[in-house]
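Me: I've got a structure open here and I'd like to learn how to read it. Could you walk me through some features?

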Amino acid sequence: MRYNSWIELSLFFLLLAGLTPLLGSGIAAILRGERVPLMDRAERVIYSLCRIDPGREMGWKEYAFSLLMFNGLGIIAVLVLQLLQHHLPLNPQGLPRVPVLLALNTAVSFATNTNWQAYSGESTLSYLVQMLGLTVQNFLSAATGIAVMAALSRGIARRKTHALGNFWVDVTRSTLYILLPLSLVLAIILSSQGVVQNFSHYLTVKTLEGFNQVLPLGPAASQIAIKQLGTNGGGFFGVNSAHPFENPTPLSNFLETLAILLIPSACAYAFGLLAGSRKHGVSLLAAMFAVFILCLGFALRSELKTDPALDNLPFLEGKETRLGIMPSALWAVATTSASNGSVNAMHSSLSPFAGGITMFNMMMGEVIFGGVGTGVYTMVLFAVLTVFIAGLMVGRTPEYLGKKIESREIVYAVIGVLLPGLFILVFASISSVIPAGLASLSNKGPHGLSEILYAFTSAGQNNGSAFAGLNANTAYYNILTAAAMLIGRYAVIIPVMALAGSLAGKKYTPPSTGTFPTHGVLFVILLIGVVIIIGALTFFPALSLGPILEHFLMRQGRRF
Amino acid sequence: MKTADKKKLSLLEPRLVRRAVRDAFLKLDPRVQIKNPVMLVVFISAIWLSLIVLMDLIRGGFSSFNFQIAVWLWFTVLFSNFATAIAEGRGKAQAETLRAMRKDTMARRLSGKTEQRVSAAELKAGDLVVCEAGDVIPGDGDVVEGIASVDESAITGESAPVVRESGGDRSAVTGGTRVLSDRIVVRITAAAGNSFLDRMISMVEGAKRQITPNEQALSILLLSLTVIFIFAVATLKGFSIYSEHASGSNSFATIPVLLSLIVCLIPTTIGGLLSAIGISGMDRMLRKNVLALSGKAVEAAGDIDVLLLDKTGTITLGNRMATAFLPVSGVPVDRLADAAQLASFSDETPEGRSIVVLAKDKYQLRGRELPPGTRFLAFSAKTRISGVDLPEQAGKPGRSVRKGAIEAVHDFVVSAGGKFPEELRALSAEVARAGATPLAVCDGPDALGLIVLKDVVKGGIRERFAELRRMGIRTVMITGDNPLTAASIAAEAGVDDFLAEAAPEVKLARIREEQAGGHLVAMIGDGTNDAPALAQSDVGVAMNTGTQAAREAGNMVDLDSNPTKLIEVVETGKQLLMTRGALTTFSIANDVSKYFAILPAMFAGLYAASGSSGPLSGLNLMRLHSPESAVLSAVIFNALIIVALIPLALRGVRYRPLGASAILRKNLLIYGLGGLAIPFLAIKLIDLLLAAMGLVR
């Protein structure tokens with residue numbers, strides 16, 4: 001790696017680490033309900049319009065129910081918009097009605113913060129659908145994640161209560177005070193770099209070779225800002241941020257990469273503050289940073305080698321030469337660590353080992369930063385398991401931030417941690433045998449298996465990135481990936497809410513020297529161990545026949 | 001029953017082992033197996049594989065590999081059964097002895113003034129029974145009349161008889177114990193079948209063993225891991241079919257191999273030993289002569305972070321002792337010591353004796369002949385003074401030596417025509433401030449000085465409290481003393497806090513307050529007035545010498561009646577959790593090596609050029625002999641490790657009072673890293689043996 005890559009990497013981590021506590025404190029303040037001058041009038045107008053009583057607190061069931069209703073309505077809205085787009089304005093290309101299953105898949109995908117794209121934006125969706133449907137869900141699904149995190153942190157911090165806050169207030173405040181301002185700033189900077197933002201017809205231009213080329217346009221900058229910040233990842237154009245209109249310059253690339261991790265990282269910090277232990281938040285962050293750097297290191301090590309199957313050339317096939325190997329690898333690791341899923345290079349073209357890392361990043365349960373809010377609350381499930389095992393080993397009924405961990409908490413934690421993985425395996429296994437599953441493959445051998453495995457991992461962990469190569473827009477994959485996305489989202493959210501409710505009802509147990517501390521180096525190491533081991537034990541057999549087999553074959557000079 | 005043999009039953013005594021082997025087979029009953037989901041999976045796999053072998057035989061084929069796998073899966077189940085059986089064995093042996101003792105005794109029931117002989121089984125709570133020397137006490141109760149020495153060795157294993165008397169804190173008697181002398185009347189408090197002995201039998205037998213909350217939580221985790229591993233392996237079949245098609249080569253993912261992989265991955269090590277750990281926890285308590293009345297209490301003991309103890313008898317020796325003589329100015333200390341000793345010769349109280357001993361030890365004042373006609377004055381609460389009047393003798397005038405409370409001695413000195421030095425008052429105030437009790441001494445009209453009486457803290461108790469503190473337990477001393485005295489003793493004994501002038505309701509309030517603050521409180525008590533506090537505390541340890549009310553209220557009974565026993569109780573509770581945690585970690589860490597043994601064995605054939613092994617043999621880090629050998633070695637290791645860990649499960653992981661992080665670091669190194677590394681070595685070793693013995697292709 002050249003020195004400028006090192007400088008860029010250092011700058012990236014410095015900025016991320018520096019901005020995290022700043023933004024994290026802000027997020028914590030907003031979720032605590034602190035008054036925001038100037039804007040709070042808008043907030044009150046929203047409450048009175050929607051007849052929300054911001055002072056009314058909800059128990060975990062009501063909170064979860066409101067959330068499900070809200071997301072359910074979101075799915076229906078996006079679905080209807082797609083089915084009616086040919087009758088609606090802002091469709092300069094006159095794009096036809098979206099097929100039902102594809103529309104359903106897309107609706108589920110955006111409402112669950114997955115942004116799996118079985119469609120290609122420029123050839124399928126009108127500007128109106130992109131803006132009113134997808135971009136709106138980009139905000140709301142991210143806000144939903146923040147709300148769950150807020151409720152969980154209250155469950156930990158509060159004692160002997162069932163009140164976890166008000167879902168509507170949390171969503172409103174997260175959108176209004178966190179997501180909108182940050183997106184606005186990023187969108188403006190991005191459009192200054194040349195990201196398009198208009199309602200024009202697609203342009204047809206004559207290339208130097210004399211061919212005609214259609215240049216798709218549209219309101220991209222506004223969607224791209226939030227798709228990066230809200231760990232959504234659904235690009236305006238089909239090839240996502242590899243497209244020069246989505247990601248034109250090195251600066252835009254740097255900022256978009258930073259935006260992937262910014263809010264998830266800040267959320268971990270905010271969670272610590274809200275749950276009453278800044279140290280714990282910092283420890284969760286430390287675990288995230290450590291695994292991230294580890295994965296990035298391994299990916300780069302593999303990427304910077306040469307490809308024995310391609311005359312020992314660098315692994316540049318399928319990558320943007322404008323961006324190069326390091327920024328592509330950094331983005332790939334970031335986008336799969338955080339459940340973002342946007343890409344600036346095709347993951348199918350990564351070296352097998354690096355491709356395996358992007359997959360394993362997701363298989364760890366999207367907790368290495370993870371999605372906005374979702375990363376932390378899922379990580380908390382792992383932390384619960386960690387303190388349980390550690391507590392046993394030090395001979396004391398485990399406590400997590402002063403709350404005793406008993407059977408109920410373990411039930412919720414294992415459901416949230418294991419269920420998505422279980423369905424990923426089942427769906428992928430079935431698809432690798434039946435014709436409907438195999439028909440979509442464009443590659444043979446272990447690479448084909450990786451494509452299937454990647455697709456369901458991405459959907460089931462709400463990441464949304466694609467390995468490319470798999471034709472996911474078939475009835476079979478549209479239905480199955482939609483199911484995986486729903487399970488991956490709500491089989492975690494519901495146990496987390498139940499956990500929050502259960503913890504809120506407990507009394508506080510003060511720590512003693514016999515208590516295993518939920519911060520510090522030992523905790524971080526153990527947490528990392530639990531995350532990696534659960535992910536590895538669950539997926540190692542499947543990975544061994546996909547990327548691992550491919551890696552060994554590549555060393556023998558065979559590629560797929 | 002003699003405790004001697006109860007305690008000396010070694011871990012793997014041949015008699016117990018023989019019985020456990022038999023029980024291991026009896027436990028193959030599906031109704032038993034279904035209670036342990038992890039082992040149930042192994043059980044079903046063993047049956048499935050046996051059927052495969054059987055079908056092969058019927059079809060005229062025989063796979064030695066499948067047969068060996070089936071055998072070892074059965075061994076895995078049997079080993080786990082054996083572990084449980086051996087843990088239960090000791091308890092069962094004890095229960096039998098106890099039961100033999102609970103032969104149907106006859107009771108002499110009092111109705112009015114008349115006695116009536118009835119069977120002990122007919123007794124109801126509230127009945128009055130008479131027991132005389134030689135009688136077996138027919139049921140649990142309180143002595144309401146009389147005093148007797150009772151042989152309680154059946155319960156406590158202690159051969160020395162104990163005294164039981166009406167009133168006070170030593171009134172409880174236990175059914176099945178024998179009166180050695182005198183006559184007592186006992187009010188029965190527990191109906192037959194619900195007596196202490198009955199409960200003891202059911203506890204040691206493990207019949208009523210309830211799954212404790214923590215064990216339940218762990219079982220859920222183990223069950224979930226089992227489910228996810230079943231799915232990870234089942235879905236692997238699909239991936240392997242794909243890979244076989246894609247590569248046009250064969251894998252070794254047969255049903256026996258897939259079943260082997262499932263059995264190796266699911267946490268059988270901890271799953272197979274889980275109930276043995278729980279049972280042996282109760283058993284270890286019993287060997288320390290603590291009878292836990294529920295498994296939950298044993299577990300809770302490990303979580304205790306506040307301990308309430310009585311001062312008297314626990315922290316201090318029962319009585320105050322003289323520690324110094326403080327003369328007023330102008331009086332040589334020898335004179336004071338001499339007078340003090342004289343005044344105490346006839347004082348048979350422990351305090352009086354301690355004064356004589358102090359004078360002897362420090363000032364070499366030996367006992368001497370007192371002239372005839374010497375008159376002793378005993379201490380009384382009214383006069384608050386005691387002493388001796390020596391008659392005139394050999395020219396020496398008679399002397400009136402007194403010791404007692406300052407005011408009483410003041411009055412005596414003044415009435416004898418002397419002058420009471422004000423200095424003495426100041427001195428005594430100073431002594432009291434230091435938490436000791438001053439006794440003034442005078443010789444006729446001369447006030448000589450003070451004897452300092454102090455509560456003497458038991459030797460070694462400070463270290464015990466330091467140990468508790470390292471365990472994360474805060475100690476609170478309960479005493480009836482005034483706050484000043486209490487503070488001084490607390491400082492000397494090294495307790496963290498004290499509760500002075502404590503009445504029963506104050507104790508109760510304190511426990512509630514600690515609990516409201518989220519603490520788990522243990523309390524040791526013996527008296528009836530301790531009963532509410534014992535019931536309120538999370539772990540209430542009642543002394544066996546205590547009252548029936550106290551024993552009923554607590555959830556543990558210390559048969560030795562030794563208050564510092566709580567440290568061992570806490571250790572056992574912690575060991576119980578630690579053993580579970582350590583074996584869980586070990587079990588999960590083992591899986592890594594099993595993947596590296598079995599996965600390459602299954603898939604080495606993929607993309608293989610004929611005659612050589614394929615790319616995934618790159619995962620065969622252990623360089624195992626052959627795919628069959630690899631799978632079989634992993635299965636054998638998985639079975640043998642259960643046997644190897646039985647002693648650890650029964651004995652428990654050693655607990656040392658270090659901070660949580662230090663313990664965790666140590667256990668992670670041993671069971672985490674060890675769990676990663678050991679199977680690599682062991683599987684390789686088994687593989688070498690199998691190949692050498694020609695058991696595999």
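This is a predicted model: local features need pLDDT of at least 70, side-chain atom pairs count only at pLDDT 80 or more; totals for chains, interfaces and linings use all residues.

Me: Is B:Glu628 buried or exposed?

Reply: Buried means under 20% relative accessible area, exposed over 50%, and partly exposed in between, with a 1.4 Å probe and protein chains only. B:Glu628 has 12% relative accessibility, so B:Glu628 counts as buried. Residues are numbered from 1 along each chain as its sequence is written, chains are lettered from A and ligands numbered from 1 in the order in which they are written, and side-chain values use heavy atoms, leaving out hydrogens and water.

Me: Which residues does B:Glu628 touch?

Reply: Contact means heavy atoms within 4.5 Å. Leaving aside residues up to four places away in sequence, B:Glu628 touches B:Phe65, B:Phe252, B:Val696 and B:Arg697. B:Glu628 itself sits in helix α22 (residues 627-651) of chain B. Helices (H or I, at least four residues) and strands (E, at least two) are DSSP runs, numbered from the N terminus.

Me: At what angle do α16 and α17 of chain B cross?

Reply: Under 35 degrees counts as roughly parallel, over 145 as roughly antiparallel, 65 to 115 as roughly perpendicular and the rest as oblique. Here the axes of α16 (residues 461-471) and α17 (residues 483-493) of chain B come within 8 Å and cross at roughly 80°, so α16(B) and α17(B) are roughly perpendicular to each other. On the α16(B) side the contact uses B:Ile461, B:Arg462 and B:Phe465, and on the α17(B) side B:Ala491, B:Glu492 and B:Ala493.

Me: How do I read strand pairing, and in which sense do β3 and β8 of chain B pair?

Reply: Two strands pair if DSSP finds at least two bridges between them. β3 (residues 128-132) and β8 (residues 183-188) of chain B pair in the antiparallel sense over 5 bridges, with B:Leu128 opposite B:Arg187. β4 (residues 141-151) of chain B is also joined to β8(B) by 5 bridges, running antiparallel, and there B:Glu145 faces B:Val185.

Note on methods. Axes are lines fitted to C-alpha atoms, for helices over the stretch in contact, and angles run from 0 to 180 degrees between N-to-C directions.
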